[in-house]
Amino acid sequence: MNNVISIIALKRLRIMLDWQKAIVASLSFICVLQIASFITMLCLNANWYLGVIDMTLWQCVLWIVLMMTAVGLSSVKHKRMMISYTSIALCVIALITGILTWCLFSPQYSYMEAQTLLNMDQVYDDAAICEDYSTIGTTNEIGFFISKGYVFRVVTAGEKEIVELFFNPVTGDYYKISK
């Protein structure tokens, strides 16, 4: 009789260890995926958009995923399966929300696209980024999570005068900056 109970207890322990391993693997994968997507977003923001995107939201999403991962791992240790599954669900929701928000609200024009657009204009020649500053903040938000625009130094086609332009990365509009 005792052998039967100990065999059942061992099988039950093995099942619990299997679900624990599955939750730990899932949380680890989601956490690594979130960190990789956050680093990708930081690199895109720095290189393509010259830092015009406010990364506060994505830092919060990363923080949520890391905290839910910690909660999930701690609940696995204490054998609380429902809390573990809830933390996995919240991590997945946070990850999807962060990536979708990036896709929906990133600027329409990168720095290179803005430079190409300015070079195609008949009014200005030789658009180049300002050496002193590449972006400038605005008092009003240009778009969701965007409060900066690109600054270009251009040469007017007719007068050969050097002018600085503010380029809106969301709409593609550009304006002469008065000094």
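Residues are numbered from 1 along each chain as its sequence is written, and side-chain values use heavy atoms, with hydrogens and water left out. Because the model is predicted, local features need pLDDT of at least 70 and side-chain atom pairs count only at pLDDT 80 or more, while totals for chains, interfaces and linings use all residues.

Let's start with helices α2 (residues 56-77) and α3 (residues 81-105), whose axes come within 8 Å and cross at roughly 165°. Helices here are DSSP runs of H or I with at least four residues, strands are runs of E with at least two, and both are numbered from the N terminus. Axes are lines fitted to C-alpha atoms, for helices over the stretch in contact, and angles run from 0 to 180 degrees between N-to-C directions. With that crossing angle, α2 and α3 are roughly antiparallel to each other (the label for angles over 145 degrees; under 35 is roughly parallel, 65 to 115 roughly perpendicular and the rest oblique). The crossing is left-handed, meaning that the near helix is turned anticlockwise from the far one by less than a right angle.

On the α2 side, the contact (heavy atoms within 4.5 Å) includes Leu57, Trp58, Val61 and Ile64, and α3 brings in residues including Ile83, Ser84, Ser87 and Leu90. Sorted by class, this contact has 14 nonpolar, seven polar and no charged residues. Ala, Val, Leu, Ile, Met, Phe, Trp, Tyr, Cys and Pro count as nonpolar, Asp, Glu, Lys and Arg as charged, and the others, Gly among them, as polar.

As for α3 itself, its buried residues (under 20% relative accessible area; exposed is over 50%, partly exposed in between, with a 1.4 Å probe and protein chains only) include Ile88, Cys91, Ala94 and Trp102.

Now for the loops. Ser110 sits between α3 and α4 (111-120) and is buried, with a relative accessible area of 10%. Leaving aside neighbours within four places in sequence, Ser110 touches Trp48, Tyr49 and Tyr150.

Most residues other than glycine have a negative phi. Leu50, in the loop between α1 (2-47) and α2, has a positive phi near 55°. Phe145, in the loop between β2 (135-137) and β3 (148-156), has a positive phi of about 65°. Leu50 is partly exposed, with a relative accessible area of 24%, and Phe145 is partly exposed at 24%.
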